[in-house]
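Please read it alongside the sequence and the coordinates.

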Amino acid sequence: MDGAAEDRTIREDTRAAMVPRVSQREKACLTLLYGGPIGTEYPLTEPETVIGRGHAANICIENQRVSRRHALVAIDERGNAMIVDLGSSNGTSVNGLRIQRQELKDGDKIQIGYHCILKYSQRDELEQNCQQELAKSRIEDAITGAYTKKYLLDRLDGEYAHVKRHGGTLVFLMFEIDHFKKINSTHGQPVTDTILKELACLTNSMLRANDILARYNHAQFALLARDIADEGAVVLAQRIRRAIKGHKFVVKHTRIPITVSLGVASLSDEVEKAAELIKLAGDYLKKAQKKGGANSVAGGIVKAYIQNGGATITIRQRA
């Protein structure tokens, strides 16, 4: 075959081409640049979108520097966008200038008080889908499908601020696969990746819609749950422990026994900062692992009891 034939362009039937269609119609959206999960996109599909910290807001930003009804973005029939400050305590700015009311242009950066920055954009459907995929990659662990550690830490600050302001309970649970290094060296990373993914799916099936499960480190996961009593947190920890222990992890026709050790911390531990929940849960996890990876649960709210042959230790003092 001569060079000319090899260099010939392939002509393809456009009706059969698997290429996404580019829409001529652009849609308005806000993209989070600072003050939460970066890259999160909020399509402006309604005539009016309220930004604020209250649950009635369309875009809810849990921070005390943000007013309950902070600002409003209005879209007219022609697709033009206008942002209006709703008498917020800390003000609204566009491109660094404080405003009361201003028309938005593509690329404008909106600052909500002193905490949050959003970018206003006009994008077609293809661009929006691309941005959503990028945002998903930032908040979702590629192997397990659970949330990323960064997303969890961002949400922890907001959830802690919420319960301190409105009341309620907050639990941080950390667990890790027992003897994971040995399992990994015996079966290899592709097998352990499959186990991690299946374990995350199993755990998520036991959680409520608002609970946040994240891959924290290698074989370590963390769970953030609001509005759950201490007793309920212990029951949930034991339920996760028993479910994982009883689940048949089968990879390449080989069953691999998996157990986890858990540490549980809550506001009952008299924490003064959100970060203390992480430290306590981590310390309690280490205490549970000192049992030799014996499928244990430890924490200041844990009561001693034995179920299904799995040991539970009780630690009442601060770590």
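A disulfide is defined here as a pair of cysteine sulfur atoms within 2.5 Å. By that criterion, the structure holds 0 disulfides. The model is predicted: local features need pLDDT of at least 70, side-chain atom pairs count only at pLDDT 80 or more, and totals for chains, interfaces and linings use all residues. Residues are numbered from 1 along each chain as its sequence is written, and side-chain values use heavy atoms, with hydrogens and water left out.

Burial is stated as relative accessible area: buried is under 20%, exposed is over 50%, and partly exposed lies in between (1.4 Å probe, protein chains only).

| Residue | Relative accessibility | Class |
|---|---|---|
| Cysteine 29 | 0% | buried |
| Cysteine 201 | 56% | exposed |

Of the protein's 319 residues, 45% count as buried. Its accessible surface (Shrake-Rupley method, 1.4 Å probe) comes to about 17900 Å², with 48% belonging to carbon and sulfur atoms.

DSSP runs define helices (H or I, at least four residues) and strands (E, at least two), numbered from the N terminus. The protein has 7 helices and 18 strands. Two strands pair if DSSP finds at least two bridges between them. Strand S6 (residues 81–85) runs antiparallel to S9 and is joined to it by 4 bridges; alanine 81 stands opposite leucine 104 in S9.
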